[in-house]
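This report looks at salt bridges in one model. The sequence and structure come next.

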Amino acid sequence: PEAIIGFSNKAFYGGKIKVMSPNLDGSKTVELRVVKEGRVDNNATANKAECEEIIKTVQQIISNNDSITIGIISPFRAQVDLIKKALYSVFDTDTIEKHSIETGTAHTFQGDERDIMLLSWTVAPNSHSQSVMFAQKPNLFNVALTRARKKLINFISKDVNELPMGLLRDYLEFVQKIN
């Protein structure tokens, strides 16, 4: 849908991508969820509060839809590992396989898609500026934004207005504007 590809189309492709599948049911195809209590672990770039919100969201999604596929992306390996561990402690293998639930970095999803993608930016008030810069690597950023067929839900633990100028802030402001 247009909202999912819109930012990447403008930022990375000069508006040349023609969107083939419009959003017909009127639901939001891109969402932003700010996890107010989120903090990044001191030893690794992982955010337990974002992980917990993602697990709750996966539970809600699969309770409402029997055949939906789900992907979870984070720019940071420590967050990917935290989410994977939580998924396997909450859901059985059959459920994970049934919904093709995959968790990884943008590299994991290169050339792959899911119906719904959850994107854990793992950025919080106590994040290092290098982490925010890493999350904005253009090629990985673009891959992360364009893997959803139907819906993309973004999770971040910092107010968008407090982010430094750059791709991440531009993108999240775009999401706020279209919703």
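Is Arg149 buried, exposed or partly exposed, going by its relative accessible area? Arg149 is partly exposed, with a relative accessible area of 38%. The model is predicted.

Arg149 takes part in a salt bridge with Asp115, with 3.0 Å between the closest N and O atoms. This pair joins distant parts of the chain: Asp115 sits in strand S4 and Arg149 in strand S5, 34 residues apart. Asp115 is buried, at a relative accessible area of 9%.

Arg149 also meets the side chain of Glu113 in a salt bridge, at 3.5 Å from N to O. Here too, distant parts of the chain are linked. Glu113 lies in the loop between strand S3 (102-104) and strand S4 (114-120), Arg149 in strand S5 (residues 148-156), and 36 residues separate them. Glu113 is partly exposed, with a relative accessible area of 35%.

Lys98 pairs with Asp66. Lys98 counts as partly exposed at 46% relative accessibility. Asp66, at 55%, counts as exposed.

| Salt bridge | Distance |
|---|---|
| Lys98 and Asp66 | 2.7 Å |
| Asp115 and Arg149 | 3.0 Å |
| Glu113 and Arg149 | 3.5 Å |

The structure holds 9 salt bridges. Elsewhere, a network of salt bridges links Glu31, Arg33 and Lys151.

Conventions. Residues are numbered from 1 along each chain as its sequence is written. This is a predicted model: local features need pLDDT of at least 70, side-chain atom pairs count only at pLDDT 80 or more; totals for chains, interfaces and linings use all residues. Side-chain values use heavy atoms; hydrogens and water are left out. A salt bridge is a side-chain nitrogen of Lys or Arg within 4 Å of a carboxyl oxygen of Asp or Glu. Buried means under 20% relative accessible area, exposed over 50%, partly exposed in between (1.4 Å probe, protein chains only). Helices (H or I, at least four residues) and strands (E, at least two) are DSSP runs, numbered from the N terminus.
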